[in-house]
Amino acid sequence: MTAQPNSNTLPFSVERPASKQEAETFCSALSSTMEALLSVIEMETDLVRAGKLKEAGELQADKARLIHEYTRGMMTAKDHAIALGNLAPAATQSLRRQHGEFQPVLRINLAVLATAREVTNNIVSSVAKAVGAKNAAAPTTYGRTGAAPNGPKSAQGIAVNQSL
């Protein structure tokens, strides 16, 4: 079980902004979080496309932390949308535009990850079938002791990690 990121370490306040400065600071911090997350996602996408799955997996901790910050920030922005819009309309509009540009990159990343998972599952299934086929080649006649032969054994020792 993984620990959930501590909400006290967010780079922005989740309280309702009371001044223009607080609203702009919130928007700037959330924008920085989105940029960092976008960078990690693009890096992960490039690594998976290049077949460097181990290196892509090493990004998981940063990605999880940034996703937590981004999600918490977007929920806070939604909760305080009116205050943010009134206190810092330009920063809020910029944040909306950045969020809109973020969505297609995320879709591409998800498509690349889904493709990698499907290819991996196909490879593992093919190997499992090949290993299982070797067991199917066992004799089908009675043995020297007169005992009936055992049926084909399923492949053993193959595991699939579905967490990718």
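Student: What makes the order of elements α-α-α-α-α from the N terminus on?

Tutor: The chain has 5 helices and 0 strands, and helices (H or I, at least four residues) and strands (E, at least two) are DSSP runs, numbered from the N terminus; therefore the elements read α-α-α-α-α. This is a predicted model, in which local features need pLDDT of at least 70, side-chain atom pairs count only at pLDDT 80 or more, and totals for chains, interfaces and linings use all residues. Residues are numbered from 1 along each chain as its sequence is written, and side-chain values use heavy atoms, with hydrogens and water left out.

Student: Why is Thr33 called buried?

Tutor: Thr33 has 3% relative accessibility. Buried means under 20% relative accessible area, exposed over 50%, partly exposed in between (1.4 Å probe, protein chains only), so Thr33 counts as buried. Of the 164 residues of the chain, 24% count as buried.

Student: Which residues does Thr33 touch, not counting residues up to four places away in sequence?

Tutor: Pro11, Phe12, Leu66, Glu69 and Tyr70. Contact means heavy atoms within 4.5 Å. Thr33 itself lies in helix H1 (residues 20-49).

Student: How do you know how H1 and helix H3 (residues 60-79) cross?

Tutor: Their axes come within 9 Å and cross at roughly 145 degrees. Axes are lines fitted to C-alpha atoms, for helices over the stretch in contact, and angles run from 0 to 180 degrees between N-to-C directions. Residues making the contact include Thr33 and Leu37 of H1, and Leu66, Glu69 and Tyr70 of H3.
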